[in-house]
Protein chains: 2
Amino acid sequence: MITNDDMDHVFHALAHTTRREILDHLRAEPGISVGDLAAKFDVSRIAVMNHLTILERAGLMTSEKQGRSRKLYINIMPIQEIHDRWTDTYSAYWADRLGHIKVAAEAAARAAKGELDNE
Amino acid sequence: MITNDDMDHVFHALAHTTRREILDHLRAEPGISVGDLAAKFDVSRIAVMNHLTILERAGLMTSEKQGRSRKLYINIMPIQEIHDRWTDTYSAYWADRLGHIKVAAEAAARAAKGELDNE
DNA sequence: TAATTATGTAATTACATGATTACAAATGAT
DNA sequence: ATCATTTGTAATCATGTAATTACATAATTA
């Protein structure tokens with residue numbers, strides 16, 4: 001079972017463009033090394049390594065040492081789990097794609113009414 | 001079009017249990033006031049308000065003043081958009097639910113082979 | 001108008017992030 | 001054994017988070 005702390009970690013890991021881009025690279029090139037990955041970014045290798053630590057804590061990345069190199073792999077299971085939970089939680093809203101439009105329309109109506117009332 | 005900054009904000013907003021719980025309450029009780037919402041939590045009203053600011057920045061929450069009170073509403077559109085993007089990006093992995101199992105199996109196989117090679 | 005209630009702002013504090021440079025350790029090649 | 005390469009660790013710095021208490025503003029009610 002996925003805990004709140006788990007979700008905190010996963011969302012936090014995803015809350016940085018560089019880390020999401022790292023996941024993109026791991027998806028495109030499974031088994032890439034730390035150095036090769038870092039070379040794709042403008043920031044330093046150390047910065048990339050710190051991002052890797054955060055991704056690993058969230059369970060989004062795994063690695064295996066191969067000689068003096070380290071091969072990196074994406075693990076999408078946490079994303080999968082969150083995706084599932086969202087689908088569960090919010091399906092009522094977007095089962096039909098009009099859900100949020102309806103909510104927005106109601107909010108607009110309330111706002112309009114509020115403006116009238118305050119005049 | 002949703003930008004990287006947008007996604008940073010949304011994920012960051014979701015990366016805190018209290019904020020996710022706030023969204024749950026807004027979903028269950030649309031139009032709830034700041035004070036009534038804050039009363040449901042152990043932390044101070046100010047702490048809750050700061051969370052609301054972060055949720056609002058991410059576009060996950062909207063509000064409208066009603067007299068001296070403020071009514072709060074969830075807005076799931078950003079979640080919707082991220083959900084859509086994920087489904088797009090990772091559908092190849094979980095179109096069949098065996099995707100990540102296959103990847104995990106391959107990683108295990110590599111690990112096993114690595115151990116053999118190093119003996 | 002005065003008192004009460006709901007929300008908002010300011011200042012502060014402890015701690016975490018994200019980045020850097022410099023150095024250390026492990027591995028493979030010559 | 002030496003040297004280059006790849007990865008990891010340590011120390012540091014500026015900035016951002018998350019929380020607090022104290023005070024200020026705005027809107028009903030008596």
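This is a predicted model: local features need pLDDT of at least 70, side-chain atom pairs count only at pLDDT 80 or more; totals for chains, interfaces and linings use all residues.
In chain B, helix α2 meets helix α4: Thr18(B), Arg19(B), Ile22(B) and Leu23(B) on the α2(B) side touch Val48(B), His51(B), Leu52(B), Ile54(B) and Leu55(B) on the α4(B) side.

How do the two helices sit against each other? Two packed helices are described by the angle between their axes and the distance between the axes. Here α2(B) covers residues 17–28 and α4(B) covers residues 45–57, and they pack at about 80° with their axes 10 Å apart. An angle from 65 to 115 degrees counts as roughly perpendicular, and α2(B) and α4(B) are therefore roughly perpendicular to each other.

Thr18(B) belongs to helix α2 of chain B. Is Thr18(B) buried or exposed? Its relative accessible area is 15%, and under 20% counts as buried, so Thr18(B) is buried. Setting aside neighbours within four places in sequence, Thr18(B) is in contact with Phe41(B) and His51(B).

Now over to chain A. Its secondary structure amounts to six helices and three strands, and from the N terminus the order is α-α-β-α-α-β-β-α-α. Some figures for the chain:

| Chain A item | Value |
|---|---|
| Residues counted as buried, of 119 residues | 39% |
| Contacts joining residues at least 24 apart, among those between residues at least 6 apart in sequence | 49% |

Next, the core. In soluble globular proteins, nonpolar side chains tend to be buried together. In this model the largest nonpolar core has 58 residues, and the ones touching the most other members are Leu37(A), Leu52(A), Leu60(A), Leu37(B), Leu52(B) and Leu60(B). What does Leu52(A) touch? Not counting residues up to four places away in sequence, Leu52(A) touches Ile22(A), Val34(A), Leu37(A), Met61(A) and Leu72(A).

Finally, how do the copies relate? Chain B superposes on chain A through a rotation of 180° with 0.0 Å of shift along its axis, at an RMSD of 0.0 Å. The two copies are thus related as by a two-fold rotation axis. And which surface does each copy use? Of the interface residues of chain B, 100% are also interface residues in chain A, so the copies meet through the same surface.

Definitions and conventions. Residues are numbered from 1 along each chain as its sequence is written. Chains are lettered from A and ligands numbered from 1 in the order in which they are written. Side-chain values use heavy atoms; hydrogens and water are left out. A nonpolar core is a set of buried Ala, Val, Leu, Ile, Met, Phe, Trp, Tyr and Cys residues joined through side-chain atoms within 4.5 Å. Buried means under 20% relative accessible area, exposed over 50%, partly exposed in between (1.4 Å probe, protein chains only). Contact means heavy atoms within 4.5 Å. Copies are superposed by least squares on the C-alpha atoms of residues with pLDDT of at least 70 in both. Axes are lines fitted to C-alpha atoms, for helices over the stretch in contact, and angles run from 0 to 180 degrees between N-to-C directions. Helices (H or I, at least four residues) and strands (E, at least two) are DSSP runs, numbered from the N terminus. Angles under 35 degrees count as roughly parallel, over 145 as roughly antiparallel, 65 to 115 as roughly perpendicular and the rest as oblique.
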